[in-house]
Amino acid sequence: MTKAYRKNTRLDLSQAGLQIIDMPIPGAWHDLARQKGMTIVARVQDRYHLALACDACGKPSRHKISALRVCQPQCPHCLESQWQADAERAGLTFLRRDPDDNMYSWYRAPCGHELRRQPDRMRQIAAGKNGSRCEICHAAREAAEAETCGWSLLGPDPEGDVSYRLYQHGCGHQQRIARANMQTNRFACTNCGTCWSAAPSWLYLLRMTFPDFGPVVKCGYSRDPASRMHFQLGMSTDLGSKLVTQIPMATGHDAIRTEKRLHRKLRRTHPDSVLPPEIIARHLNVVSEVYDAALEPIILAELTRIAASTQT
Ligand SMILES: [Zn+2]
Ligand SMILES: [Zn+2]
Ligand SMILES: [Zn+2]
């Protein structure tokens with residue numbers, strides 16, 4: 001490969017934007033380069049630089065002469081191929097290096113957004129040690145969460161607490177609320193007193209497919225299951241989500257309590273059907289309460305039993 005490459009030296013170098021400098025190359029340098037899996041093509045740019053062709057891929061790149069002496073020169077083309085492979089295993093697409101910071105690159109997330117990440121992080125995601133959360137989708141989900149409860153998300157907490165946000169109620173009142181409370185609706189508007197947890201609610205069962213796992217079911221509560229399905233799932237990849245059933249609860253508070261009890265029971269009786277958090281986090285903005293679809297008939301039976309007991 002290196003030999004074939006050498007025939008086109010000048011053309012390849014000019015295509016790679018490397019300007020050849022006409023200076024001698026000592027034989028010892030050639031030996032040194034060969035030991036390090038590289039072939040010296042020419043001196044380029046100024047008296048401090050060389051163009052080295054990588055023995056693995058044959059492509060030229062610019063390196064400092066001093067670097068050839070003291071360390072292993074790294075082929076940027078092979079490195080990028082490695083990043084592409086890591087990203088692919090993590091379910092993303094490598095797009096380009098960040099021109100402003102060589103510690104970062106740009107990737108295309110499954111949702112279609114472009115994310116700036118450190119290449120090392122892709123390897124962690126691929127190994128299941130880390131999730132790849134799209135912050136654009138995440139912000140949209142937080143806004144939709146608030147909307148479902150009749151609030152709009154205005155922005156971060158003016159007092160700087162990362163678990164709080166600033167929201168505005170339908171009545172016009174602005175209030176700092178913990179995001180966790182917005183998700184579970186355990187708060188009331190301090191202006192008009194409206195408290196969602198006192199209003200009617202639903203328990204629901206959704207069926208969907210995780211591309212890297214297979215069919216799963218998610219069980220939860222919501223004031224509006226169809227909208228929850230939309231804001232939670234509609235913005236990530238198409239998971240083919242379908243509402244299997246929903247049963248009415250007298251209040252949001254009842255819904256939360258009943259739902260928690262059901263999950264405790266399912267985790268205890270069917271631990272093998274509980275999906276690991278890292279798999280769930282790749283697809284949804286939650287990390288629990290998702291099960292192997294094999295559990296669907298059992299959850300349906302539980303929900304039917306709950307529906308019958310709340311009606312009497
Ligand atoms: Zn290479
Ligand atoms: Zn996104
Ligand atoms: Zn209000």
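A salt bridge here is a side-chain nitrogen of Lys or Arg within 4 Å of a carboxyl oxygen of Asp or Glu. With that in hand, we can start with one example: Glu289 forms a salt bridge with Lys218, and their closest N and O atoms are 3.8 Å apart. Glu289 sits in the loop between helix H11 (277-281) and strand E14 (290-292), while Lys218 belongs to strand E12 (residues 214-222), so this pair ties together parts that are 71 residues apart in sequence. Helices (H or I, at least four residues) and strands (E, at least two) are DSSP runs, numbered from the N terminus. Both Glu289 and Lys218 are buried, where buried means under 20% relative accessible area, exposed means over 50%, and partly exposed lies in between (1.4 Å probe, protein chains only).

A word on the ground rules. This is a predicted model, in which local features need pLDDT of at least 70 and side-chain atom pairs count only at pLDDT 80 or more, while totals for chains, interfaces and linings use all residues. Residues are numbered from 1 along each chain as its sequence is written, chains are lettered from A and ligands numbered from 1 in the order in which they are written, and side-chain values use heavy atoms, with hydrogens and water left out.

**The whole protein**

The protein has 12 helices and 14 strands. Its radius of gyration is 28 Å, well over the 20 Å that the globule rule gives for 312 residues, so the protein is more spread out than a compact globule. That radius is taken over C-alpha atoms, and the globule rule is 2.2 Å times the number of residues to the power 0.38. Along the principal axes, the C-alpha atoms fill a box of roughly 95 × 45 × 30 Å. Of the 312 residues, 40% are buried.

**More salt bridges**

How many salt bridges does the rule give? The count comes to 22. Three of them, including the one described above, are listed here.

| Pair | Closest N to O distance |
|---|---|
| Arg117 and Glu135 | 3.0 Å |
| Glu289 and Lys218 | 3.8 Å |

In the salt bridge of Arg117 with Glu135, Arg117 lies in strand E7 (residues 114-117) and Glu135 in helix H7 (residues 135-148), so the pair ties together parts that are 18 residues apart in sequence. Arg117 counts as buried at 9% relative accessibility, and Glu135 counts as partly exposed at 42%. Elsewhere, salt bridges that share partners join Asp86, Arg89, Asp120 and Arg123 into one network.

**Two loops**

Met23 lies in the loop between strand E1 (20-21) and helix H3 (27-35), and at 33% relative accessibility Met23 counts as partly exposed. The C-alpha atoms of Met23 and Asp46 are separated by 9.5 Å, with the two residues 23 apart along the chain. Gln45 is found in the loop between strand E2 (38-44) and strand E3 (49-54). Although Gln45 is not a glycine, it has a positive phi of about 70°. Gln45 is partly exposed, with a relative accessible area of 37%.

**Helix H10**

Arg264 lies in helix H10 (residues 252-269) and counts as partly exposed at 48% relative accessibility.
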